[in-house]
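Keep the structure open while you read.

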Amino acid sequence: AEIGKLYKVVGFHSFEHASHVTMSMNKLLSMVSDTHHHVNSTLNHRSFHPRENDGDGHHCGSPGCVAQSYGIHDPRIKFAMFFSALIHDVGHTAVPNSVLVEEEDELAILHNDVSVAEQNSLNIAFSLLHAPQFARLKHCIGPNPTQRKLFRKRVIASVMVTDISDQERIQ
């Protein structure tokens, strides 16, 4: 709710958009965390399907069923991805980074002309996360500084790649 309040009503980069991205992330994570797939030979790709129990507690005994894990089972990684989706446009002004840089906007100056909107969103989100009312959440994210630092790095990387105009990221 606190993040939602910090989104501006600016058209596309709104809390509604962030909600859609977060729900999409939930679906994506549920798909890649599912360890049972069916290989569809007629289409030559894997298609996801509901798990079927074979009666012995094993799932998906059908021909072509392949147990495969994508390795996204760590709840901290999942939460970092959800958190990134939720916060990725918080504080967005609806002005493109290139315009903010060209106009020498205070945000561009603050963030040294690099991924201005994305860095602003990260600044807002992490400042809020460090507020006293979120101390328990912060502890759940990582009980020690090393775990919290790793969470922060994952979130930063996830949000920064949303800057589709950054030439370094494009490469």
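Q: What makes two aromatic rings a pair?
A: Rings of Phe, Tyr and Trp pair if their centres lie within 6.5 Å. This is a predicted model. A search of the whole structure finds five aromatic pairs.

Q: Why is the pair of Phe79 and Phe83 called tilted?
A: The planes of Phe79 and Phe83 are 35 degrees apart, and the centres 6.0 Å. Stacked needs under 30 degrees and edge-to-face over 60, so the pair counts as tilted.

Q: How do you know that Phe79 and Phe83 are separated by about one helical turn?
A: Both sit in helix α3, residues 75–87. They are four residues apart there, which means about one helical turn.

Q: Why is Phe79 called partly exposed?
A: Its relative accessibility is 30%. Buried means under 20% and exposed over 50%. Phe79 falls in between, so it counts as partly exposed.

Q: Is Phe83 buried or exposed?
A: Phe83 has 9% relative accessibility. The cut-off for buried is under 20%, so Phe83 is buried.

Q: What makes the pair of Phe79 and Phe151 stacked?
A: The angle between the planes is 15 degrees, at 5.9 Å centre to centre. Stacked means under 30 degrees, so this pair qualifies.

Q: How do you know that this pair links distant parts of the chain?
A: Phe79 lies in helix α3, and Phe151 in helix α8, residues 145–160. The two are 72 residues apart.

Q: Why is Phe151 called buried?
A: Its relative accessible area is 3%. Buried means under 20%, so Phe151 is buried.

Q: Which residues do ring pairs link into a cluster?
A: Phe79, Phe83, Phe126 and Phe151.

Q: What lies over the face of Phe126?
A: Arg152 does, at 4.5 Å from the ring centre. The limit for that distance is 6 Å.

Q: Why is α3 called oblique to α8?
A: The axes of α3 and α8 cross at roughly 45 degrees and come within 9 Å. Roughly parallel needs under 35 degrees and roughly perpendicular 65 to 115, so α3 is oblique to α8. The crossing of these helices, α3 and α8, is right-handed.

Q: Which residues make the contact of α3 and α8?
A: On α3, they include Phe79, Ala80 and Phe83. On α8, Phe151 and Val155 are among them.

Terms used. Residues numbered from 1 in each chain as written. Predicted model: local features only at pLDDT ≥ 70, side-chain atom pairs only at ≥ 80, totals over all residues. Heavy atoms only, no water. Buried < 20%, exposed > 50% of the residue type's maximum accessible area, 1.4 Å probe, protein only. Lys NZ or Arg CZ within 6 Å of the ring centre and 35° of its normal. Axes fitted to C-alpha atoms, helices over the stretch in contact; angles between N-to-C directions. Parallel < 35°, antiparallel > 145°, perpendicular 65-115°, else oblique. Left-handed = near helix turned anticlockwise from the far one by under 90°. Contact = heavy atoms within 4.5 Å.
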